[in-house]
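Have the viewer open, and let's start with charged contacts before moving on to the pocket and the surface.

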Amino acid sequence: AQARTPLLIEGKKTLYQHFENKDDLVRALVAEWVARIHRCAEDPSAPREDAHEVLRWWTDVWARGRHDFSAAFWSDLEHDHPQAWALFDGLRSVSSPIHARVARAMRRDIDPKLAADLYHLVVGHFNDPAVAAGLGLETRDAVMAALEIWMGGAMRPPAVPADAEASPAPR
């Protein structure tokens, strides 16, 4: 399917000369977005070692990519377009190494699942243009500021190795 051509064509009738139905169109759009993420994963300039830099880089990639589509598109994708969701969900092959790298830099007293859920909530919230505008910020700036605050609470500073961190107090 041609994902880019229909975006340059005016009119619904012409659009569906390229795609049989809405599901095919959505699947093509998501496939192109996923391909872009895979290209980013292969980018030689992408940071690989420092977990803070890795997370900054990938959060920026994700935030920019999320604006290619409306928030409603992403929230409805799993329910309304399961085949396209499967393509999107397949990004775990890209995200798993990133998650592992970041997990090694987490503070010991932080629950990794809770931290991951909070990351997604915080970054998703500030990736909303209305939220960013309410703060007087561009969306990317709001996302990156929220990320810095999250990293400050959830991750060890870059210069502190895991074995130098004190063990968490018993609960």
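There are 8 salt bridges in this structure, which is a predicted model.

**Salt bridges**
- Glu 53 pairs with Arg 56, with 2.6 Å between the closest N and O atoms.
- Glu 53 is partly exposed at 37% relative accessibility, and Arg 56 is partly exposed at 22%.
- Also in helix H3, Arg 64 and Asp 60 are 4 residues apart, and their salt bridge has closest N and O atoms 3.2 Å apart.
- Arg 64 counts as partly exposed at 48% relative accessibility, whereas Asp 60 counts as buried at 13%.
- In helix H7, Asp 117 and Lys 113 lie about one turn apart, bridged with closest N and O atoms at 2.9 Å.
- Lys 113 is exposed at 55% relative accessibility, while Asp 117 is partly exposed at 35%.
- Glu 53, Arg 56 and Glu 148 belong to one network, joined by salt bridges that share partners.

**Largest pocket**
- The largest pocket has a volume of about 970 Å³.
- Its lining counts 32 residues, with Trp 62, Ser 95, His 99, Tyr 119 and His 120 nearest the centre.
- The lining comprises 22 nonpolar, 7 polar and 3 charged residues.
- H6 contributes the most to this lining, with 8 residues.

**Surface patch**
- Leu 114 belongs to helix H7, which covers residues 112–126.

How values were computed: Residues are numbered from 1 along each chain as its sequence is written. This is a predicted model: local features need pLDDT of at least 70, side-chain atom pairs count only at pLDDT 80 or more; totals for chains, interfaces and linings use all residues. Side-chain values use heavy atoms; hydrogens and water are left out. Helices (H or I, at least four residues) and strands (E, at least two) are DSSP runs, numbered from the N terminus. On a 1 Å grid over the protein atoms alone, a cavity is a set of points where a 1.4 Å probe fits but cannot get out, and a pocket is an open set with protein on both sides within 12 Å along at least five of seven lines; lining residues have an atom within 4 Å of a point. Grid points are joined across faces, edges and corners, and a volume is the space filled by probe spheres set on the points. Ala, Val, Leu, Ile, Met, Phe, Trp, Tyr, Cys and Pro count as nonpolar, Asp, Glu, Lys and Arg as charged, and the others, Gly among them, as polar. A salt bridge is a side-chain nitrogen of Lys or Arg within 4 Å of a carboxyl oxygen of Asp or Glu. Buried means under 20% relative accessible area, exposed over 50%, partly exposed in between (1.4 Å probe, protein chains only).
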